[in-house]
Amino acid sequence: MDIPGVGRINASFGVAGYCPGDTVDTLVNKADNMMYEAKAAGRNCVRYMNECE
């Protein structure tokens, strides 16, 4: 995306749904792992985890 006065912006997102037993730390860790997966997939994308293990 080109933003006037800023230039070109790239974004990757990692999303994780809450599962019973998750703590703040485990939920953030899952989302963080998904973000790195999105970046590895070529950036400018979203990766999400919506299943409980």
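**Exercise 1. Does Asp22 count as buried or exposed, and at what relative accessibility?**

*Before you start.* You are working with a predicted model, in which local features need pLDDT of at least 70 and side-chain atom pairs count only at pLDDT 80 or more, while totals for chains, interfaces and linings use all residues. Residues are numbered from 1 along each chain as its sequence is written, and side-chain values use heavy atoms, with hydrogens and water left out.

*Solution.* 
- Step 1: Recall the classes: buried means under 20% relative accessible area, exposed means over 50%, and partly exposed lies in between (1.4 Å probe, protein chains only).
- Step 2: Asp22 has a relative accessibility of 16%, so Asp22 counts as buried.

**Exercise 2. With which residue does Lys30 form a salt bridge, and how far apart are the closest N and O atoms?**

*Solution.* 
- Step 1: The rule asks for a side-chain nitrogen of Lys or Arg within 4 Å of a carboxyl oxygen of Asp or Glu.
- Step 2: The partner of Lys30 is Asp22, and their closest N and O atoms lie 2.8 Å apart.
- Step 3: Applying this rule gives a count of 1 salt bridge.
- Step 4: Now look at the Lys30 end, which sits in helix H1. Its relative accessibility is 14%, so Lys30 counts as buried, and Asp22 is buried too, at 16%.
- Step 5: Contact means heavy atoms within 4.5 Å. Setting aside neighbours within four places in sequence, Lys30 is in contact with Ala16, Gly17, Cys19, Asp22 and Met49.

**Exercise 3. How do strands E3 and E4 pair, and over how many bridges?**

*Solution.* 
- Step 1: Helices (H or I, at least four residues) and strands (E, at least two) are DSSP runs, numbered from the N terminus. Two strands pair if DSSP finds at least two bridges between them.
- Step 2: E3 covers residues 13–16 and E4 covers residues 46–49; the two pair in the parallel sense over 4 bridges.
- Step 3: Within this pairing, Val15 stands opposite Tyr48 in E4.
- Step 4: Tyr48 has a relative accessible area of 57%, so Tyr48 is exposed. Beyond its neighbours within four places in sequence, Tyr48 is in contact with Val15 and Met34.

**Exercise 4. Which residues of H1 are buried, and against which strands do they pack?**

*Solution.* 
- Step 1: The buried residues of H1 are Lys30, Ala31, Met34 and Ala38.
- Step 2: Looking down the axis of H1, these buried residues fall within an arc of 95 degrees, so they line one face of the helix. The arc is that of the directions from the helix axis to the C-beta atoms.
- Step 3: The buried residues of H1 pack against E3 and E4. The face turned away from the buried side carries the exposed residues Asp25, Val28 and Ala40.
- Step 4: Met35, also found in H1, is partly exposed, with a relative accessible area of 22%. Not counting residues up to four places away in sequence, Met35 touches Ser12, Phe13 and Gly14.
- Step 5: Just after H1 comes Gly42, which takes a positive phi of about 115 degrees.

**Exercise 5. Where is Cys19 placed, and how far apart are the C-alpha atoms of Cys19 and Cys52?**

*Solution.* 
- Step 1: Cys19 belongs to the loop between E3 and H1.
- Step 2: Its relative accessible area is 8%, so Cys19 is buried.
- Step 3: Cys19 and Cys52 are 33 residues apart along the chain, and 5.6 Å separates their C-alpha atoms.
- Step 4: Leaving out neighbours within four places in sequence, Cys19 is in contact with Lys30, Glu51 and Cys52.

**Exercise 6. How far apart are the C-alpha atoms of Val6 and Pro20?**

*Solution.* 
- Step 1: Find Val6 in the loop between strand E1 (2–3) and strand E2 (7–8).
- Step 2: At 58% relative accessibility, Val6 counts as exposed.
- Step 3: Val6 and Pro20 are 14 residues apart along the chain, with 41 Å between their C-alpha atoms.
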